[in-house]
Amino acid sequence: MTQEPLPKRYPEMNGKIALVTGGSTGIGLATAQAFAHEGATVIIASRNERRAKHALTTLGGDGRGRWTQCDVTNGRDVERLISSILNEYGQIDYAFNNAGSGGKMSPIASMSEDAWGKTINGYLTSVFLCMRYQLPAMLKAGRGVIVNNSSVDGLRGYPFTGGAAYAAAKHGVLGLTRSAALEHAKDGVRITAICPGWIGTPPIETFIKKNEQVGAQIIGQEPIGRLGTPLEVSNGVLWLCSEASSFMLGSPLVLDGGYMA
């Protein structure tokens, strides 16, 4: 029996240009696939070429895709990324700033400055750098949507010892998002964020398998009784980018299975 293709929900995305950082796996890949399904041309920006090439083969849909190697903690890399997109396509309509990486997790009293710096750079400075170069292109066009990936950890303290730097970075993403959204509220560019709860990405699933007791605690924190899926988060990202959310500005969308309720 042939499975019917999923209906398209956002016809305005057909033919548009969507950038997804960290688009090779997990939430980023699910979002890249969703944009492609709607007919958008998707640019995946990541560091790992092997994973990225595999990701491109999964996009399907009516859109096209390509990969650009980029370390989003490096301003020159990000500037080259945005310039290459503008040179080839002339515009950026949607940007999902999803990529992130950090240093070793440890309690505040014993955390090294290097670990702190890597985490803040990997999860917060990276978002600033992406917005720094995305915004001029969108402002020139007078349109565009930026969605930044924060976390429920940007809304409360990290629930386990060692996550203070991560939570600080994710709180920073929301402060940056809100401030930028207000700066450009009347410029035709919408900026917002998404705050996922515990999501079944490859790193989280691997961690839970190796740490069953902590995994049970994690799932126990979710009133819905399970992890979220990357697809569920991508659904939120696309809605934020769509015309259906035209009055959504600055405030984050929380997708957490009831965690913050």
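Is tyrosine 158 buried, partly exposed or exposed, and what is its relative accessible area? In this predicted model, tyrosine 158 is partly exposed, with a relative accessible area of 22%. The value exceeds the limit for burial, which is set at under 20%.

The model contains an open sheet of seven strands in the order β3-β2-β1-β4-β5-β6-β7, with parallel pairing. From one strand to the next, the twist averages 20°.

Strand β1 (residues 17-21) pairs in the parallel sense with β4 (residues 94-97) over three bridges. Leucine 19 has alanine 95 of β4 as its bridge partner. Helix α1 (residues 26-37) packs on the sheet and touches β1, β2 (41-46), β4, β5 (144-149) and β6 (189-196). The direction of helix α1 makes about 170° with that of β1. Helix α5 (residues 164-183) also packs on the sheet, where it touches β5, β6 and β7. The direction of helix α5 makes about 160° with that of β6.

Further pairings can be assigned to individual residues of β1. Valine 20 has phenylalanine 96 of β4 as its bridge partner, and alanine 18 stands opposite tyrosine 94 in β4. With β2, strand β1 pairs in the parallel sense over five bridges, and the bridge partner of isoleucine 17 in β2 is threonine 41. Between these two strands the chain crosses from β1 through α1 to β2, and this β-α-β crossover is right-handed.

The burial of β1 was examined next. Five of the five residues of β1 are buried, so the strand is largely enclosed by the rest of the structure. Both faces of β1 are covered. Ile17, Leu19 and Thr21 are buried on one side, and Ala18 and Val20 are buried on the other. Strand β4 likewise has both faces covered, with Tyr94 and Phe96 buried on one side and Ala95 and Asn97 buried on the other.

Strand β4 also pairs in the parallel sense with β5, over four bridges. In this pairing, alanine 95 stands opposite isoleucine 146 in β5. The chain crosses from β4 through helix α4 (residues 113-141) to β5, and this β-α-β crossover is right-handed.

Attention then turned to the aromatic residues. A pair of aromatic rings is described by the distance of the centres and the angle of the planes. The structure holds five aromatic pairs. One of them is formed by phenylalanine 35 and tyrosine 94, which are stacked at 5.6 Å centre to centre with 15° between the planes. This pair links distant parts of the chain: phenylalanine 35 lies in helix α1 and tyrosine 94 in strand β4, 59 residues apart. Phenylalanine 35 has 0% relative accessibility and therefore counts as buried. Tyrosine 94, at 5% relative accessibility, also counts as buried.

The rings of tyrosine 158 and phenylalanine 160 have their centres 6.5 Å apart and their planes at 65°, so this pair is edge-to-face. Phenylalanine 160 counts as partly exposed because its relative accessibility is 22%, and tyrosine 158 is partly exposed as well. Both residues belong to one aromatic cluster formed by Tyr123, Tyr158, Phe160, Tyr166 and Trp198. Elsewhere, arginine 132 lies over the face of tyrosine 133, at 4.9 Å from the ring centre.

Leucine 176 is found in helix α5. At 24% relative accessibility, leucine 176 counts as partly exposed. Leaving aside neighbours within four places in sequence, leucine 176 is in contact with Leu124, Val127, Phe128 and Met131. Leucine 176 and valine 237 are 61 residues apart in sequence, and their C-alpha atoms are 18 Å apart in space.

How values were computed. Residues are numbered from 1 along each chain as its sequence is written. This is a predicted model: local features need pLDDT of at least 70, side-chain atom pairs count only at pLDDT 80 or more; totals for chains, interfaces and linings use all residues. Side-chain values use heavy atoms; hydrogens and water are left out. Two strands pair if DSSP finds at least two bridges between them. Axes are lines fitted to C-alpha atoms, for helices over the stretch in contact, and angles run from 0 to 180 degrees between N-to-C directions. Contact means heavy atoms within 4.5 Å. Rings of Phe, Tyr and Trp (its six-membered ring) pair if their centres lie within 6.5 Å; planes under 30 degrees apart count as stacked, over 60 as edge-to-face and the rest as tilted. Buried means under 20% relative accessible area, exposed over 50%, partly exposed in between (1.4 Å probe, protein chains only). A charge sits over a ring if NZ of Lys or CZ of Arg is within 6 Å of the ring centre and within 35 degrees of the ring normal. A crossover is right-handed if, with the strands pointing away from the viewer, the path from the first strand over the helix to the second runs clockwise.
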